[in-house]
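Visitor: Hi, I'm new to this one. Can you walk me through it?

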Amino acid sequence: MKASLAFLALIAATASAAPAVPNDGQAHCIGECQKADPNALMSKLMQHKVAAWEQCETSTSLVCARQQNLALAAPTPLGFTKCVDGFAGEYPCKGLDLLSFIPHTDLGSGAGFGNDIWGWTDPVTGAEIAVVGQTDGTAFVDVTKPSEPKYLGRVHTNVPELPRLSWRDVKVYKDHAYIVADDARSNKHALQVFDLTQLRNVSTPQVFQPTTIYKEFGSCHNIAINEDSGFAYCVGSRTCNSGLHIVDIREPASPKFAGCADDDGYVHDAQIVNYKGPDTRFQGKEIAFAYNEDTLTIWDVTDKSKIVQLSRTPYVGSAYTHQGWLTEDQAYLLLDDELDELEKVNDGHTQTYIWDARDLTAPKYIDSYRSPVLSIDHNLYIKGNLSYQSNYGSGLRVNDVKDIANGKLTEFAYFDVTPERDVVEFEGSWSNYPYFKSGNILVNSIERGLFVVKHAEADPAPPTPNPPKCIA
């Protein structure tokens with residue numbers, strides 16, 4: 001995955017030109033709003049990743065060969081493969097069966113590399129659609145029949161002259177996909193909005209155009225959406241001091257600038273909720289839990305014109321505060337730090353930080369969970385009592401969080417999408433989506449493609465014999 005380190009020097013200094021201001025009476029991101037955080041640590045993280053990818057070009061490992069998309073190493077599609085004796089085919093597993101695998105090159109990607117992923121359930125047909133982030137665009141795959149995935153088409157990147165944008169992120173709201181990319185070199189990707197209902201009745205793969213493009217930022221690292229409020233939060237952009245750039249998407253195809261949370265610099269990722277947790281002072285408010293490179297920062301974002309920072313909390317061992325997720329009762333959260341393994345803050349076994357968030361003005365670090373394998377952590381989500389963690393080289397790791405109040409997680413299941421090795425490198429699983437009603441789980445691998453897995457069911461009991469008929 002060739003990328004020049006030279007461009008990294010541009011990242012902190014890049015400033016987008018202020019967009020032309022429409023005379024429409026609406027709020028717009030202009031003036032000071034069009035400035036980035038000059039002290040962001042993101043360039044350090046990018047340097048680590050680009051250096052690792054460049055080093056891979058001279059390596060003979062199979063993972064690196066797949067990163068270079070070499071024909072001899074290209075992965076092949078797979079159908080249903082049960083997890084038996086710790087493997088589903090070549091893939092190490094525990095408690096998760098493989099339903100299907102399809103390579104990025106079969107999903108219309110010329111570059112052949114993946115990143116983020118999300119899902120959409122068609123409210124009319126019930127179809128389950130994977131929205132697959134790739135370095136050169138976004139692919140759409142019907143996984144309603146998970147052992148027979150159907151590629152429907154794609155939306156290309158907004159920056160065709162930069163065909164490999166390693167950082168792309170996507171979320172879904174009211175039948176629309178919202179797609180951003182971190183393109184510091186051009187700073188012009190903007191926010192693509194795509195009406196997913198166009199995927200109905202597609203018989204052959206198509207190249208789709210965005211429904212609309214929101215242009216009040218160019219480069220943006222991540223996007224979070226509060227589906228209960230109808231606001232999107234774009235983070236790590238070259239606007240709003242690289243904090244929360246807030247967009248009103250209550251009319252999904254007509255996004256409008258709504259405000260900034262810019263008093264804590266660069267935000268790498270966030271989760272925003274209509275708060276129903278135990279801190280009674282803020283119940284009913286819209287609360288943002290932000291992962292800000294070296295802190296957990298919490299804002300009350302209910303009033304977009306008067307955002308209030310509730311807390312800003314550092315922690316011991318911080319190397320790069322990356323992302324996290326609340327438990328369903330909003331009392332606790334898990335946080336992943338993307339550089340603590342690489343920078344030898346710990347012994348290289350994935351470390352997940354466990355937090356007590358019952359007091360929004362004073363959240364507390366409780367303890368850490370140490371994975372049994374070497375790997376860097378990336379994106380995690382919680383559904384019910386399980387956390388679903390994409391931990392790069394060790395794949396999807398599923399942990400039981402029932403005892404989180406006591407600072408304990410328990411390994412429940414895993415599916416390793418990089419079977420060749422478990423190492424502290426930026427390779428393997430980028431993200432996952434565990435929220436389909438069917439229970440099918442999407443995993444996006446950087447080098448390989450889209451995996452669909454599911455918790456293994458116990459072997460069915462033999463049928464109960466019919467009772468003998470009573471003969472009168």
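Guide: Here is a quick tour, by question and reply. Keep in mind that this is a predicted model.

Visitor: How many helices and strands are there in the protein?

Guide: The protein has three helices and 31 strands.

Visitor: And how much of the protein is buried?

Guide: Of its 472 residues, 59% are buried. The protein exposes about 18,500 Å². Carbon and sulfur atoms supply 52% of that area.

Visitor: Which residues have the most contacts inside the largest nonpolar core?

Guide: They are F140, V143, L196, L199, L334, L442 and L450. The core itself has 44 residues. Strand β5, residues 128–134, gives the most to this core, with four residues.

Visitor: Take L442. What is it in contact with, leaving aside neighbours within four places in sequence?

Guide: L442 is in contact with a list of residues that includes I117, W118, A130, V143, Y433, F436, L450 and F451. V143 and L450 are also among the core residues with the most contacts.

Visitor: New topic. In what order do β13, β14, β15 and β16 form their sheet?

Guide: The order is β13-β14-β15-β16, in an open sheet with antiparallel pairing. β13 (222–226) and β16 (256–261) stand at the edges. Each has a single partner strand, so one side of each is left without a neighbour in the sheet. Neighbouring strands are turned by 25° against each other on average, direction ignored.

Visitor: How many bridges join β13 to β14?

Guide: Five bridges join them. β14 covers residues 231–235. I225, for one, has A232 in β14 as its bridge partner.

Visitor: What about H176, buried or exposed?

Guide: H176 is buried, because its relative accessible area is 10%, under the 20% cut-off. H176 lies in strand β9, residues 176–181. Its side chain reaches the backbone oxygen of K174 at 2.8 Å. Beyond its neighbours within four places in sequence, H176 is in contact with K171, V193, F194, D195, L196, P252 and A253. L196 is also among the core residues with the most contacts.

Visitor: Last one. Where is E90?

Guide: E90 sits in the loop between β1 (87–88) and β2 (91–94). E90 is partly exposed, with a relative accessible area of 40%. The C-alpha atoms of E90 and V417 are separated by 9.2 Å, although these residues are 327 residues apart along the chain.

Definitions and conventions. Residues are numbered from 1 along each chain as its sequence is written. This is a predicted model: local features need pLDDT of at least 70, side-chain atom pairs count only at pLDDT 80 or more; totals for chains, interfaces and linings use all residues. Side-chain values use heavy atoms; hydrogens and water are left out. Two strands pair if DSSP finds at least two bridges between them. Helices (H or I, at least four residues) and strands (E, at least two) are DSSP runs, numbered from the N terminus. Axes are lines fitted to C-alpha atoms, for helices over the stretch in contact, and angles run from 0 to 180 degrees between N-to-C directions. Buried means under 20% relative accessible area, exposed over 50%, partly exposed in between (1.4 Å probe, protein chains only). A polar contact is a pair of N or O atoms within 3.5 Å; within protein, one must be able to donate a hydrogen and the other to accept it, and residues adjacent in sequence count only if both atoms are side-chain atoms. Contact means heavy atoms within 4.5 Å. A nonpolar core is a set of buried Ala, Val, Leu, Ile, Met, Phe, Trp, Tyr and Cys residues joined through side-chain atoms within 4.5 Å. Accessible areas come from the Shrake-Rupley method with a 1.4 Å probe; for residues, only the protein chains shown count as cover.
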